[in-house]
Amino acid sequence: MDENNFNGCIPPQLFHLPLLQNLYFDDNSLSGQLSTEIRNLTSLQLLSLPANHLSGSIPPQLFHFHLPLLWYLHLDGNFLNSGEVRPDDEEGIENTTILQDLSFSRNKFSNDMLLLVLCLKGLNLLDLSYNDLSMEIPYEIGNLLPSISFLALSDNRLTGGIPRSMQKLNNLEGLYLQNNLLTGEILSWLLDFEGLRSLYVGGNRLILKNSVERAQNNNLFGLSLKYRGLFGEVIK
């Protein structure tokens, strides 16, 4: 039901369809909160609600055993916040969800949301760009997301450096950290991921070390190191 200019709240009747597997409401004008009654959709595998006007807190039930088959969750471009979702909710989540594709960009999610989703070890895609994140990237992130291939945390207010544990993200194809407040050095390993296709770290306060030379990754086709005082040079 994409692009139909539906408005108002999501019809409550939809939350009483236990055999429903896929629900698309992309690019409409839906408003109000996402009901906790969503827990009744026990067969739901895919939920896509980007580019609407949904607001308020996100139901914790999206991450718990209530929706054991949900692997695709896209809520981009709304006005949602973390609300009752807290990092201490993470106990048990790892074993009660199979979420793989999670995109929450362009909302109002805070640090608590990032800390929570990092316990979803099956994630292949995580997009929390354009939110209200204002913390350091957790140093253990490379141990927490072993399957990640696409990681987008751009356009927030992240501080600190790029954690060395990211060297362990062997499946990484796209890394988007641009337009934050990151500091420290861009080390050579960041350019040497064999499968990395896109690396965007511009718009920060990073230093490009002179030792960054002759990068071994010949597959990189998207690279941004621009703006906000990037220092150093690339040696040919």
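Phe150 is partly exposed, because its relative accessibility is 26% and the class covers values between the limits for buried (under 20% relative accessible area) and exposed (over 50%), taken with a 1.4 Å probe and protein chains only. The model is a predicted one, in which local features need pLDDT of at least 70 and side-chain atom pairs count only at pLDDT 80 or more, whereas totals for chains, interfaces and linings use all residues. Residues are numbered from 1 along each chain as its sequence is written, and side-chain values use heavy atoms, with hydrogens and water left out.

Four aromatic pairs are counted under the rule that rings of Phe, Tyr and Trp (its six-membered ring) pair if their centres lie within 6.5 Å, with planes under 30 degrees apart classed as stacked, over 60 as edge-to-face and the rest as tilted. Trp71 and Tyr72 form one of these pairs, an edge-to-face arrangement with 5.5 Å from centre to centre and 70 degrees between the planes. Trp71 is partly exposed, with a relative accessible area of 31%, whereas Tyr72 counts as buried at 17%. The pair of Phe150 and Tyr176 is tilted, because the ring planes stand at 40 degrees, with the centres 5.1 Å apart. This pair links distant parts of the chain, as Phe150 belongs to strand β10 (residues 150-152) and Tyr176 to strand β11 (residues 174-176), 26 residues apart. Phe150, Tyr176 and Tyr200 form one aromatic cluster.

The protein contains two helices and 15 strands, assigned as DSSP runs (H or I of at least four residues for helices, E of at least two for strands) and numbered from the N terminus. An open sheet of nine strands has the order β2-β4-β6-β8-β9-β10-β11-β13-β15, with parallel pairing; strands are taken to pair if DSSP finds at least two bridges between them. At the edges stand β2 (22-24) and β15 (222-224), each with a single partner strand, so one side of each has no neighbour in the sheet. On average, neighbouring strands of this sheet are turned by 10 degrees against each other, direction ignored; the axes are lines fitted to C-alpha atoms, for helices over the stretch in contact, and angles run from 0 to 180 degrees between N-to-C directions. Strand β13 (residues 198-200) runs parallel to β15 and is joined to it by three bridges. Tyr200 has Ser224 in β15 as its bridge partner.

Further parallel pairing involves β1, β3 and β5. Strand β1 (residues 7-8) pairs with strand β3 (residues 29-32) over two bridges in the parallel sense, and Gly8 stands opposite Leu30 in β3. Strand β3 also pairs with strand β5 (residues 53-57), again parallel and over two bridges, with Gly32 opposite Leu54 in β5.

Arg106 lies over the face of Tyr130, at 3.9 Å from the ring centre; a charge is assigned to such a position if NZ of Lys or CZ of Arg is within 6 Å of the ring centre and within 35 degrees of the ring normal. Arg106 is found in the loop between β8 and α1 (111-117), and Tyr130 in the loop between β9 (125-127) and α2 (141-144). Most residues other than glycine have a negative phi.

Gln100 lies in the loop between β7 (79-81) and β8 (101-103) and is partly exposed at 32% relative accessibility. Gln100 touches Trp71, Gly122, Leu123, Asn124 and Leu125, residues up to four places away in sequence not being counted; contact means heavy atoms within 4.5 Å. Gln100 and Leu120 are 20 residues apart in sequence, and the C-alpha to C-alpha distance between them is 8.1 Å.

For the protein as a whole, buried residues make up 47% of the 236 residues. Among contacts between residues at least 6 apart in sequence, 60% join residues at least 24 apart. The protein exposes about 11200 Å², of which carbon and sulfur atoms supply 49%; accessible areas come from the Shrake-Rupley method with a 1.4 Å probe, and for residues only the protein chains shown count as cover.
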